[in-house]
Amino acid sequence: MQANDISGVVAVSAGDRHTVALKSDGTVWTWGNYRDGQLGNEKSGDPFDRLIEAYAGPEQVIGLSNVTAIAAGHRYTVALKTNGKVWAWGHSEYGQLGDGSTDNRTTPVQVRNLNRVTAIAADGDHTVALKSDGTVWEWGRHTGVQLGESAGADRHTPAQVQNLNNVVAVATGVSHTVALKSDGTVWTWGNNFFGQLGDGTFTNSQTPVLVQNLSKVVAIAAGNTFTLVLKSDGTVWMWGASKGNQREDGEYDKQITPVQVEGLSGVTAIAAGFLHAVALKSDGTVWTWGYNEKGQLGDGTYNDSATPVQVLGENGIGFLNLKEN
């Protein structure tokens, strides 16, 4: 279904129950559940009230302009402005808005003590920012691992991830974080119960660890319990566990080091959902694999798939083309 009354969109991000769009004029538009203020337009109350209004069209986030990047987390939203500063709104039980408090915000507030930011990421209840000097900063929920420092309390303002530099991209899972360095290597930290850190162990790490046997990476993505990367040769590699890997006994196959996704080449972009993954190929087709209970693989079935299946159009052929005309 196409979102009504919105055009000129250059980026989108999906949170737990809300969607965010960035327009070419630097404004941000949202729709979906607004219970915790994650829409940024002063709405609050019964989340079901918003379902009807969402079909009427997205609404603009109040008091926010000159935005260059967006990220939607669990019931909160983050935006990066052209001046390198970050703004956030919505749920803040764990300090994930970074304004020094745990108060929910229905309109944007500036993240404290943070500038020269070039990229942002949000998932679960923690937020990550990449600065122009290649350092990474995090704040929000602290389960003892994913903030890249020694175990402690939640962070209500940004803290630098130690022993990590020359980073060019960041991604966040629900309880782990991923960083791509300029030399093509990948570093991870956080929860590792499913092997999602890719360091050959199931040991949680409070500081970044090098993903084993991996090089020439150009893009990264993180799901709930797995990590996904794109290499310069167009191949995709992943580790950890997704429901597409579930065995007949109901347990997950857990990969503690990267394995190549079979039957997939010529990939130009990747994305990770909660328990499924998506790849865009150079021919404009889209391929998915993993969990499919709600039809999120788009292949016309509700069957989980451990290998990529092509997203189908109305006539049973691949239709999604994200390349420029």
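Which residue is the bridge partner of Ala21 in β3? The legends below begin with that pair. This is a predicted model, in which local features need pLDDT of at least 70, side-chain atom pairs count only at pLDDT 80 or more, and totals for chains, interfaces and linings use all residues. Residues are numbered from 1 along each chain as its sequence is written, and side-chain values use heavy atoms, with hydrogens and water left out.

**View 1. Ala21 and Trp29 are bridge partners.** Trp29 of β3 is the answer to our opening question about Ala21. Strands here are DSSP runs (E, at least two residues), numbered from the N terminus. Strand β2 (residues 18–23) runs antiparallel to strand β3 (residues 28–32), and 5 bridges link them; two strands pair if DSSP finds at least two bridges between them. Step back, and you find an open sheet of 4 strands in the order β1-β2-β3-β4, with antiparallel pairing. β1 (9–14) and β4 (59–60) stand at the edges with a single partner strand each, so one side of each has no neighbour in the sheet.

**View 2. Here is the largest nonpolar core, with 16 residues.** Such a core is a set of buried Ala, Val, Leu, Ile, Met, Phe, Trp, Tyr and Cys residues joined through side-chain atoms within 4.5 Å. Buried means under 20% relative accessible area, exposed over 50%, and partly exposed in between (1.4 Å probe, protein chains only). Val78, Val86, Leu114, Val117 and Ile120 have the most contacts inside this core. At least two core residues come from each of β5 (67–72), β6 (76–81), β7 (86–90), β9 (117–123) and β11 (136–140). Apart from this core lies another, of 13 residues, including Phe226 and Val236.

**View 3. Strand β11 is covered on both faces.** As a reminder, in a regular strand the side chains alternate between the two faces of the sheet. In β11, Val136, Glu138 and Gly140 are buried on one side, and Trp137 and Trp139 are buried on the other. Because 5 of the 5 residues of β11 are buried, this strand is largely enclosed by the rest of the structure.

**View 4. Strand β11 has partners in β10 and β12.** Strand β10 (residues 126–131) is joined to β11 by 5 bridges, and the two run antiparallel. Leu130 has Val136 of β11 as its bridge partner. A hairpin is formed by β10 and β11, with 4 residues between them, and Gly134 in the turn has a positive phi of about 85 degrees. Strand β12 (residues 155–160) pairs with β11 in the antiparallel sense over 3 bridges, and in β12 the bridge partner of Glu138 is Ala159.

**View 5. His176 lies in strand β14 (residues 176–181).** Is His176 buried or exposed? Its relative accessibility is 0%, so His176 counts as buried. The side chains of His176 and Thr227 make a polar contact (3.0 Å), a term for a pair of N or O atoms within 3.5 Å; within protein, one must be able to donate a hydrogen and the other to accept it, and residues adjacent in sequence count only if both atoms are side-chain atoms.

**View 6. Ala271 stands opposite Val278 in β22.** β21 and strand β22 (residues 276–281) pair in the antiparallel sense over 5 bridges. They belong to an open sheet of 4 strands with the order β21-β22-β23-β24 and antiparallel pairing.
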